[in-house]
Amino acid sequence: MATFLKTTDISIDGARTLPGEYYTSPEVYAQEMERIFTQRWLCVGREDRIPSQGDWFAQEIGKESIIVLRDRDDVYRAYYNVCRHRGTRICEEHSGRFAGTIQCPYHAWTYGLDGRLIGAPSTRELEHFDKSDWPLHAVPVATWEGFLFINLADEPEPFDQAWAPLVGRFSRFNLPNLTVVRTIEYDVKSNWKLLFQNYSECYHCGPVHPALARLTPPTSGENDLTEGPFTGGYMVLNRGAESMTLSGQSCGVPVGDLADEDMNRVYYYAVFPNMLLSLHPDYVMFHTLWPQGTDRTLISCSWLFHPATLHDPDFDPDDGVQFWDMTNKQDWHICEQSQLGIASRAYTPGPYSKRESLSAQFDREVLRSLGHRVPK
Ligand code: FES
Ligand SMILES: [Fe+2]
C-alpha cells in the first residue's frame, strides 16, 4: 500500500506556470516532439483495436506514421509507414487487415508481417542487392494491462523499467479483461501541456464542473503518486453517489475485485506524456493525447466496462459516457480559453496554488525532459 501524501505536503512554494513560449513557440514544440514524443513510451490504445491476425492501424505521431499490427503468431509489431524502396508511405487508410503481406502501392514491394522484404519486382539483376537487407524499420511495442505502447527512440528505455511505478498497481481493476464500449475523438485548440496540467488538479472543478463537484468534493482525496512521470491520486465519492455518472448511480458492475474503499473512490493518473487514466468502481476511462502543433491537440477518449455490464439491462454505460463527454468538453473549452490568454503579450507566469502541485510537477517533468532549467 502506498503511503498517501496530503496534497498540501508537497513543497511547491513559489512554483509558477511556464513562460508563454512553452505554449506558442514552434521551436519549443519541435523540441518536445524530439525529446519527449520521440523518446517516451506512448499509449496507442487497447490491444483489442487489433483483435485478429493481420489487423492493423496507423498511428500518427507528429510527422511520423506508424503501422501497428498483430502478426500471424499473435505478436504485436510496429513499423514506420515508410517503404524501403523510395520511401513512399505504404498505408493510406487508418486501419485494416493485411491478408498475409504488406504491399507498397507504388512499385509493389512486398513485406511479410514480420517486416521482411519478400517481394521486389525486377531486382534480381541488381548487383549486391539482398532482400534481407531491406526490412521495414521496426518500432518496439509493449503491452501493459491490455494497453499497447510504442516507442520511437533509437535506444528506448526498457518498458518494464520505465513503467516500474505502475506495474501491478491497478491489478484489482481487472484492466486486461475490460471492453471498450465507446470511443470519442476530440479536436482541441490547446497546447497538449495545458490539458495535462488541467487533468492534474481539481482546483478548477468548482467553477468549471458543477456536476462533478456535486459527486466528488473538489478538495476530497489525496495524491499517492507525486514524483516522476506518473502522478495522481484519488477523490472520494459523496455519500449517496455511486460513480461519476449523470444520474449519480452505478452504470456497470464493479470492474474488478475492488476493496470497499475503492467503491467510494475515483482514481486519476496522468501517465506522461500522452495518457490519462481514470478508474471508477464501475468503469475505466482513458484518454490519449496527440499534439498537432503549439495550439492544437487531438484527443481520443475511451470507456471500458466489465463484459458482464454489456448484458445486464440494469446498467446503462451511456450514463458514465455522457457524464464525461460533458465534463471533457468543459475541460477542453477552458483549456482553449487558457491557450488564447497565454498567447497574449500581456501573459506572464502566474503562481500555482497548493492544490495544483501535480500540475507544477508535470511542468518540472517537461523541463527535465527538454533539458531546460528546472526551477527549485
Ligand atoms: S516506393 Fe514502395 S515500392 Fe517503390
Ligand atoms: Fe476538469
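In helix α4, the buried residues are Trp192, Lys193, Leu194, Leu195, Phe196, Gln197, Asn198 and Tyr199. The helix covers residues 192–199, and because eight of its eight residues are buried, the rest of the structure largely encloses it. The model described here is predicted. Its protein chain is assigned two parts, domain 1 (7–18 + 170–370) and domain 2 (42–160).

**Domains and their contact**

- Domain 1 is made up of two segments, 7–18 and 170–370, while domain 2 is given as 42–160.
- The centres of domain 1 and domain 2, taken over C-alpha atoms, are 32 Å apart.
- Eight residues of domain 1 and seven residues of domain 2 take part in the contact.
- On the side of domain 1 that touches domain 2, six residues are nonpolar and two are polar, with no charged residues.

**Secondary structure and overall dimensions**

- The protein chain contains nine helices and 18 strands.
- Its radius of gyration is 22 Å, close to the 21 Å from the globule rule for 376 residues, so the chain is as compact as a globular protein of that length.
- The C-alpha trace spans about 75 × 55 × 35 Å along its principal axes.

**Burial and contacts across the chain**

- Of the 376 residues in the protein chain, 39% count as buried.
- For contacts in the protein chain between residues at least 6 apart in sequence, 65% link residues at least 24 apart.

Technical notes. Residues are numbered from 1 along each chain as its sequence is written. Chains are lettered from A and ligands numbered from 1 in the order in which they are written. This is a predicted model: local features need pLDDT of at least 70, side-chain atom pairs count only at pLDDT 80 or more; totals for chains, interfaces and linings use all residues. Domain bounds come from an automatic or database domain assignment. Two residues are in contact if their C-beta atoms, placed from the backbone, lie within 7 Å. Ala, Val, Leu, Ile, Met, Phe, Trp, Tyr, Cys and Pro count as nonpolar, Asp, Glu, Lys and Arg as charged, and the others, Gly among them, as polar. A residue is buried if 20 or more other C-beta atoms lie within 10 Å of its own, exposed if 12 or fewer, and partly exposed in between; C-beta atoms are placed from the backbone. Helices (H or I, at least four residues) and strands (E, at least two) are DSSP runs, numbered from the N terminus. The radius of gyration is taken over C-alpha atoms; the globule rule is 2.2 Å times the number of residues to the power 0.38.
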